[in-house]
Amino acid sequence: MRQTRSRLLHLAALTTTFAMSVTATLSWAWPPGADRLGVPPYRPPVVVDPAVTAPGPPARLVPEPVPGPDTAGRRPGIVPVGHRPESGQERVCRTGARLVPTCGILWGVAPGAHTEAQGRWALNEFERKTGRHQAVFHGYHKGTRQLFPTEQEIRIAREPGRKRILLLNWKPETTTWARIARGDRRTDDFLDRLAEHLRENFRERFFFAIHHEAEDQVRERAGSGYTARDYAAMFRHVVKRLRAKGATNVVTVLVHMAYVPHTTKSWFQHMYPGDDVVDWIGFDTYSYSDPGYGHGDFDELLNRRSASKPGWPGFYNWVRARHPDKPLMVAEWAVWFSERNPGHMAEFYREVGQQIGRFPGIKAMVHFETPANHKGQDSSVDSTPAALREYRRLGRLPVFQVSVN
C-alpha cells in the first residue's frame with residue numbers, strides 16, 4: 001500500500017514538473033504581444049532557394065494578412081510593388097532614368113544586418129512580417145575578392161513577379177583612397193573584373209555606393225591618403241574606370257553619415273566627387289527612442305542639428321540647397337528601440353507618414369533592420385505589436401508604391 005502511494009506521489013510530481021517545463025518553454029518561445037493580436041504560432045516561411053540550406057532565426061510575431069492580389073508568382077498576404085491598397089492616387093509610379101521614380105518613393109530594406117541570416121532568407125522573412133514587397137534590397141561588400149552582385153543577389157533582383165533593385169555598398173579596403181585615385185594596380189584589376197562580371201551576368205541597373213559613410217575615416221593631414229579630396233578623387237576614379245570598361249548599368253550613390261560633427265567641418269564639402277560621377281546622394285540617419293541626442297520626429301531625423309553648430313541647417317536642407325537637382329536617398333534609416341520608451345517606435349512611423357510630403361527631394365528610403373548592431377541596439381520593426389502595425393500601414397501608403405521596371 002505504501003509502495004503504491006509512493007508511486008502515485010512520484011508520478012504526480014513528474015507530471016507537475018513536465019507541465020511546468022512546457023509552460024516555461026512556451027513562455028520563452030511565444031513572442032510578447034502576439035496573443036493580443038490573435039495570431040497563430042510562428043512557422044518559418046518556405047524558401048525555394050537551393051543556396052539556403054539552414055533556417056534563420058524566428059520572427060518575433062506573425063503579422064496579420066494584408067489584402068492584396070493573389071496571382072501567380074505572388075505570395076498571399078504580400079502587397080506587390082505598384083499595387084494601390086489605398087485610394088486617391090491614379091497615377092502609376094515607375095522607375096525612370098537613373099532609377100529615379102516618375103513619382104513616389106522607392107521603399108526598401110537591408111534585412112538581417114549584423115546576423116548570419118542576411119540575404120534572401122532575411123528578405124523573405126522581412127517581407128512576410130511587414131506584408132509587402134520591397135522594391136530595393138540593400139547589400140554590403142568589401143575588398144577585392146568577391147565580385148558582385150552575387151548569385152543570391154541576382155536571384156533577389158530577378159525573382160519572378162517580384163523584381164527588385166539592388167543597392168550594393170562597396171568598401172575597397174586594399175589601400176588608401178589616394179593610391180586608388182592614382183591607379184592602384186590591384187584595385188584596377190578588380191574593377192576590370194567587376195565590369196566584365198556585370199557585362200556578362202547582370203545588365204540591370206543597380207545602385208552602387210562607393211565607401212559609404214566615408215567621412216568617419218577622413219584624416220585631414222598631408223600624405224595621409226585619406227583626406228576629403230582623396231576620397232573625391234577615389235570615387236571619380238572608380239566610376240570612370242567602370243564606365244570605361246562597359247559597366248554602364250551602375251547608378252552611383254554618394255552616401256554620407258549626416259553626422260553633425262562631420263558635416264560641419266570645413267573639409268566636408270571637398271568630399272563631393274562631381275555631378276558627372278554622382279547620380280544620387282544618400283545619407284544614413286537613425287532615430288533614438290530615449291530623450292537626448294537623436295530623439296525626435298521625422299523632420300529631426302532628416303535635419304538633425306546641434307547646439308554647438310547653430311548655423312547648420314540640417315543635412316536635408318543643406319544638400320537640397322547645394323545640389324538641388326540630385327535625387328536623395330535615405331540609404332539607412334531606423335528607430336533604435338528602448339524598453340524605457342517603447343512607444344516611440346510606433347509614434348515615429350506614424351510621423352513619417354504625416355511628414356514625408358514636406359521632403360520632395362527624397363526618392364528612396366531603405367530601412368536598416370538588425371536585432372543588435374555593434375552597440376547592441378535593436379531596430380526590428382516588430383519590437384512591439386504597435387510598431388509593427390504602424391510600419392505596415394506606412395508601407396501601404398500610396399507614396400511608397402513604385403513599380404520596378
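Which residue in strand 8 stands opposite W333? Select both partners and you'll find that W333 faces H367. A quick note before moving on: this is a predicted model, where local features need pLDDT of at least 70 and side-chain atom pairs count only at pLDDT 80 or more, while totals for chains, interfaces and linings use all residues. Residues are numbered from 1 along each chain as its sequence is written, and side-chain values use heavy atoms, with hydrogens and water left out.

**The barrel**

Now pick strand 7 (residues 328–336) and strand 8 (residues 362–368), which pair in the parallel sense over four bridges. Strands here are DSSP runs of E with at least two residues, helices are runs of H or I with at least four, and both are numbered from the N terminus. Two strands pair if DSSP finds at least two bridges between them.

Next, show the strands of the whole sheet: eight of them close into a barrel in the order 1-2-3-4-5-6-7-8, with parallel pairing. Neighbouring strands are turned by 30° against each other on average, direction ignored.

**Helices on the sheet**

Select helix 12 (residues 385–395), which packs on the sheet and touches strand 1 (106–110), strand 7 and strand 8. Its direction makes about 140° with that of strand 1. Axes are lines fitted to C-alpha atoms, for helices over the stretch in contact, and angles run from 0 to 180 degrees between N-to-C directions.

Then try helix 7 (residues 228–244): this one lies across strand 3 (165–171), strand 4 (206–210) and strand 5, at about 145° to strand 4.

**Two helices together**

Jump to helix 3 (residues 120–130) and helix 4 (residues 151–158), which pack at about 30° with their axes 10 Å apart. That makes helix 3 roughly parallel to helix 4 (angles under 35 degrees count as such). For the contact (heavy atoms within 4.5 Å), show R120, W121 and L123 of helix 3 with Q152, R155 and I156 of helix 4.

**The cavity**

Last stop: the largest cavity, with about 70 Å³ of space. A cavity is a set of points on a 1 Å grid over the protein atoms alone where a 1.4 Å probe fits but cannot get out, and lining residues have an atom within 4 Å of a point. Volume is the space filled by probe spheres set on the points, which are joined across faces, edges and corners. Select L254, H256, F268, Q269, M271, Y272, I281, W318, V319, R322 and H323 to see the lining. Helix 10 gives the largest share, three residues.

Key: 1 Å grid on protein atoms, 1.4 Å probe; cavity = no way out; pocket = protein on both sides within 12 Å on 5 of 7 lines; lining within 4 Å. Parallel < 35°, antiparallel > 145°, perpendicular 65-115°, else oblique.
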